[in-house]
2 protein chains.
Amino acid sequence: MARENSAFHSESMPPAYPMREVGWLHSGLPRAFSMDKSRCGRDRARRFRERCRKGEFDSPTCAQEPDFVQANLIGIPKDHAFDFLQFSLLNSRACPLLDIVSGRDSPSIAAEADLSTDLPRYRVFRHGAFVEETKDTSRFVEEKNLIFFLVGCSFTWEHMLHEKVGVRHIQEWKNVPMFKTNIPNEHIGEFWGNLVVTMRPCMPGNLKQCIDTTSDYPGAHGGPVHAGNPSAIGIDDLGKPDYGDRVTIHDGEVPVFWPCGVTVLEASISCKSIPLAITHSPGHMLITDIFVDELRGE
Amino acid sequence: MARENSAFHSESMPPAYPMREVGWLHSGLPRAFSMDKSRCGRDRARRFRERCRKGEFDSPTCAQEPDFVQANLIGIPKDHAFDFLQFSLLNSRACPLLDIVSGRDSPSIAAEADLSTDLPRYRVFRHGAFVEETKDTSRFVEEKNLIFFLVGCSFTWEHMLHEKVGVRHIQEWKNVPMFKTNIPNEHIGEFWGNLVVTMRPCMPGNLKQCIDTTSDYPGAHGGPVHAGNPSAIGIDDLGKPDYGDRVTIHDGEVPVFWPCGVTVLEASISCKSIPLAITHSPGHMLITDIFVDELRGE
C-alpha cells in the first residue's frame with residue numbers, strides 16, 4: 001500500500017544524510033569552505049595578503065604561512081573560460097581547481113581578498129606576448145570581463161615535507177626550480193602545451209616519504225609524476241630550470257618531479273587569440289584561508 | 001654540487017609514477033576511459049545504442065544493460081556552457097560530470113555514439129518552454145553550437161542494489177519516482193533551482209546496505225541525501241512523483257532519497273535566456289561504454 005506522507009515522522013526515522021559533507025574534491029571546487037566554517041584563526045592569512053597589497057611582501061611565497069593552502073592564479077576573458085575550465089578538468093594533476101572567481105569578486109577561499117593586489121607579484125600577457133611584471137593589476141580587471149581561476153599549489157605541502165626529509169630550495173632560501181617536460185597535456189580547443197613540473201631532490205631512501213606525504217593532497221597536485229632520470233621526461237639540464245632557481249643536488253640524490261600549476265599558466269599565456277591574460281609570477285602565490293589539513297584528500 | 005643530467009640513468013632509478021593512473025574522479029571527467037582501455041566486451045553497449053537509434057527500444061532504461069554506467073544528457077548553446085559547467089561542479093552530488101561533448105562529436109565514454117539518436121527518448125525546450133518529446137534530435141544539433149553534458153545516473157548502481165535488497169520500481173516494472181525537494185542548489189549566473197531526488201523505499205534494516213552499496217559510486221550520485229520524513233525535504237505526497245511513476249511503499253518501509261540528474265536538467269530548461277536546450281526524457285538514459293566497476297570511487 002502506498003502510504004500517506006503523514007505516516008512519516010522524522011522522530012521515528014533514521015537521521016538524514018546531509019549532502020554537503022560528502023567529497024567536494026570530486027568536483028574540484030571546494031565552495032564548501034565558504035559556507036559553514038568559522039573564519040577564526042584565519043586572520044593570519046588575511047594579514048599576509050594585506051602585506052602583499054601594501055607592497056610590504058615581494059618574494060616567492062614558499063615557506064610563508066605554512067598553515068595555509070597556496071594557490072596559482074590565472075585570469076582570462078570569459079569568452080575563453082569554458083574551454084579553459086574543460087582543459088583544467090582534463091589535466092587535473094597539473095590543475096586542481098580550488099575556486100573560480102568573476103571580475104572583482106572575492107574568492108570563497110580567501111575572504112575579502114582583492115585578486116588584483118593581494119599576490120606578491122603578477123605577470124601580464126596580451127595575445128600570447130609578455131607585457132610586464134607588476135605588483136598591481138587592478139587597472140586591467142574591468143577591461144575584458146576577466147574570470148580568475150585559482151589552482152592548487154605544491155607549496156601547500158612542502159613545509160610538511162621539509163620537516164620530514166628537508167626541501168632543498170627552502171634550505172637554500174630560493175624559489176623552487178620548475179621545468180618544462182615532454183609530457184603532453186590533454187588538449188581542448190586552443191589550450192595545449194606540455195606538463196610543467198617542480199623538482200625537489202631527495203635521497204632514494206626518502207622517496208617513499210615524499211610520495212606518501214604529498215599523495216594525500218590531490219588538491220595540491222598530489223604525489224610525484226616521476227623520479228629519477230630527467231631526460232626520460234624531456235628535461236635536458238637540471239642546472240637550468242625554466243622558472244625559479246637552480247638548487248644543489250648532492251651525490252646519491254634523485255630528482256623528484258611533481259605536477260606544477262605553471263602548466264596551465266603556460267597553456268593560457270601562449271594563446272594568441274586571448275587578448276589579455278593575468279597570472280601570478282611563478283612562485284609568488286595567493287595565500288588562501290584554507291588550512292592545509294582541510295585540503296587532505298578522502 | 002649540481003649534477004649533470006648524464007649522471008642520471010633510468011636503470012639505477014626508482015620507477016616513474018605515471019600521472020594518469022591517479023584519480024580521474026577528482027576532476028569529474030573520466031577522459032581516461034577513452035585512452036588506454038580496450039573496447040572488448042563493450043559491444044553490448046554499442047548494440048543497445050543502435051537499438052535506440054533504430055527506434056527498437058523506447059522505454060526507461062532502468063534494469064537495462066546493468067553492466068554499464070548510464071548517463072543523463074543536457075545539451076545547451078556554448079554561450080551558456082561556462083556557467084552551466086560551474087553550476088555542475090558546485091552541485092556535484094546532483095551533477096557528477098562524466099563527459100563534455102561538442103556538437104556532433106562522439107563522447108569518449110560511448111564510442112561512435114550519436115547523441116542525437118542513441119538515447120531512447122528526448123525532450124526539447126526553447127527559451128524555457130517545453131516544445132516536444134522526440135526520438136531523434138539530429139535536426140537541432142547544428143542550430144545553436146550545442147555543447148552536451150553527460151552526467152552520472154543512479155540507474156548505474158541500482159541493479160546491484162536490487163540484487164541485495166530489492167528495488168521497488170524494478171519489481172513493479174516502472175520508471176523510478178522522482179521528486180522536487182526544497183533543498184536549494186548552489187547557484188551560478190542564471191542557473192538556480194532545487195535538488196531533485198529519486199526515491200526507493202526499503203525496510204529500516206536495509207538502510208545501511210543502501211548507503212554502503214551506493215556511496216561507492218560518487219560518479220553516479222553516491223549515497224542517499226535523506227531517508228525518512230519526506231516533508232523534511234519539501235516532498236508533500238510520495239504518491240505523486242514529479243517525474244516517473246508512483247511505486248508501492250509497504251508498511252514499515254522508509255523512503256530513501258538520492259540526488260538525481262534531473263536537478264541539472266531542470267536548472268537548464270527553466271532558463272528563458274537559453275534559446276534551445278535538449279535533454280533526455282527522465283528515465284530514458286544513455287547507455288555508456290563504462291563498466292560499472294570502473295566508476296567505483298577511490
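Which residues in H3(B) meet which residues in H5(B)? The first close-up takes that up, and the other views follow. This is a predicted model, where local features need pLDDT of at least 70, side-chain atom pairs count only at pLDDT 80 or more, and totals for chains, interfaces and linings use all residues. Residues are numbered from 1 along each chain as its sequence is written, chains are lettered from A and ligands numbered from 1 in the order in which they are written, and side-chain values use heavy atoms, with hydrogens and water left out.

**View 1. Helices H3 and H5 of chain B pack against each other.** Helices (H or I, at least four residues) and strands (E, at least two) are DSSP runs, numbered from the N terminus. Here H3(B), residues 155-165, and H5(B), residues 207-215, pack at about 150°, their axes 10 Å apart. Axes are lines fitted to C-alpha atoms, for helices over the stretch in contact, and angles run from 0 to 180 degrees between N-to-C directions. That angle makes H3(B) roughly antiparallel to H5(B) (under 35 degrees counts as roughly parallel, over 145 as roughly antiparallel, 65 to 115 as roughly perpendicular and the rest as oblique). The crossing of H3(B) and H5(B) is right-handed; a crossing is left-handed if the near helix is turned anticlockwise from the far one by less than a right angle, and right-handed if clockwise. From H3(B) come Trp157(B), Met160(B), Leu161(B), Lys164(B) and Val165(B), and they meet Gln209(B), Cys210(B), Thr213(B) and Thr214(B) in H5(B). Contact means heavy atoms within 4.5 Å. Sorted by class, the residues of this contact of H3(B) with H5(B) are five nonpolar, three polar and one charged. For those classes, Ala, Val, Leu, Ile, Met, Phe, Trp, Tyr, Cys and Pro count as nonpolar, Asp, Glu, Lys and Arg as charged, and the others, Gly among them, as polar.

**View 2. Helix H2 of chain A packs on helix H2 of chain B.** Both helices span residues 81-90, and they pack at about 35° with their axes 8 Å apart. The crossing of H2(A) and H2(B) is left-handed. H2(A) brings Ala81(A), Phe82(A), Leu85(A), Gln86(A) and Leu89(A), while H2(B) brings Ala81(B), Phe82(B), Leu85(B), Gln86(B) and Leu89(B). That gives the contact of H2(A) with H2(B) eight nonpolar, two polar and no charged residues.

**View 3. Four strands make an open, antiparallel sheet in chain A.** Read across, the order is E6-E7-E9-E8. E6(A) (178-184) and E8(A) (226-227) stand at the edges with a single partner strand each, so one side of each has no neighbour in the sheet. Two strands pair if DSSP finds at least two bridges between them. Four bridges join E6(A) to E7(A), residues 194-202, with Met178(A) opposite Thr198(A) and Phe179(A) partnered by Val197(A). Six bridges join E7(A) to E9(A), where Thr198(A) stands opposite Trp258(A). Eight of the nine residues of E7(A) are buried (under 20% relative accessible area, with exposed over 50% and partly exposed in between, using a 1.4 Å probe and protein chains only).

**View 4. Helices H3 and H6 of chain A lie across the sheet strands.** H3(A), residues 155-165, lies across E7(A) and E9(A) (254-259), running at about 15° to E7(A). H6(A), residues 262-269, lies across E6(A) and E7(A), at about 150° to E7(A). Buried in H3(A) are Phe155(A), Thr156(A), Trp157(A), Glu158(A) and Leu161(A). Their cover includes E1 (68-77), H4 (168-171), E7, H5 (207-215) and E9 of chain A. Just after H3(A), Gly166(A) takes a positive phi of about 85°. In H5(A), the buried residues are Leu207(A), Cys210(A), Ile211(A), Thr213(A) and Thr214(A), and what covers them includes H3, E7, E8 and E9 of chain A.

**View 5. Strand E2 of chain A pairs with strand E5.** Five of the six residues of E2(A), residues 97-102, are buried, so this strand is largely enclosed by the rest of the structure. E2(A) and E5(A), residues 146-152, run antiparallel and share five bridges. One of the pairs sets Val101(A) with Phe148(A) as its bridge partner in E5(A).
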